[in-house]
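Visitor: I am new to this structure and would like a close look at one part of it. Could you take me through its salt bridges, one after another?

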Amino acid sequence: KQWYQRRVAITAGGLSKSMVALQYLNLRGTNVSSLKTELPKLKQLPILRGLVLKDSPVAREDEYRIEVIMNLRNLERLDKDVFTDEEKEEAQNLFREREEEGGLDDNSVAEGAVVLE
């Protein structure tokens, strides 16, 4: 079952409608290499609480945890670690900075974009 979830999640067409209730997604060790490509797909999972990207190319990107929390507001854990208050604050600051600079595309401000307080 876990393999099936991985395979569906990384298809070019996005996620199937049957996955909308998914709360945990393990993409560990997959070839996920771009947050820009995958975050819009993951935003389609409104109750996603846990995501594992460890051991995938995207996990080596600078600030990938901040990018993920900034875009997936309901996410509680990434790579099985809870987000720290510092990460939440940094994500909020980055979001505001990008918003002020006009550097947010429609996907960044769309439903699912983080608004932390």
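Guide: Let us begin with a pair inside the fold of this predicted model: Arg-65 and Glu-87 are both buried, and they form a salt bridge in which the closest N and O atoms are 2.5 Å apart. Because Arg-65 lies in helix H3 and Glu-87 in helix H4 (residues 85-101), the pair ties together parts that are 22 residues apart in sequence. The structure holds five salt bridges, and two others among them can be followed in the same way.

In one of these, the side chains of Asp-55 and Arg-28 meet at 2.8 Å, N to O. Asp-55 sits in the loop between strand E2 (50-52) and helix H3 (64-71), while Arg-28 belongs to the loop between E1 and H2, so this pair joins parts 27 residues apart in sequence. Asp-55, at 46% relative accessibility, counts as partly exposed, and Arg-28 is likewise partly exposed, at 38%.

The loop between strand E1 (24-26) and helix H2 (35-42) also contains Thr-30, which counts as buried because its relative accessibility is 9%, under the 20% cut-off. Its side chain reaches the backbone oxygen of Leu-27 at 2.7 Å, and the C-alpha atoms of Thr-30 and Ser-56 are 5.3 Å apart, although 26 residues separate the two in sequence.

Another salt bridge joins Glu-76 and Arg-49, with 3.7 Å between the closest N and O atoms; Glu-76 is in the loop between H3 and strand E3 (77-78), and Arg-49 is in the loop between H2 and E2, 27 residues apart. Glu-76 is partly exposed, with a relative accessible area of 46%, and Arg-49 is partly exposed at 29%.

How values were computed
Residues numbered from 1 in each chain as written. Predicted model: local features only at pLDDT ≥ 70, side-chain atom pairs only at ≥ 80, totals over all residues. Heavy atoms only, no water. Helix = DSSP H or I, 4+ residues; strand = E, 2+ residues; numbered from the N terminus. Buried < 20%, exposed > 50% of the residue type's maximum accessible area, 1.4 Å probe, protein only. Polar contact = N/O pair within 3.5 Å; in protein donor to acceptor, adjacent residues only side chain to side chain. Salt bridge = Lys/Arg side-chain N within 4 Å of Asp/Glu carboxyl O.
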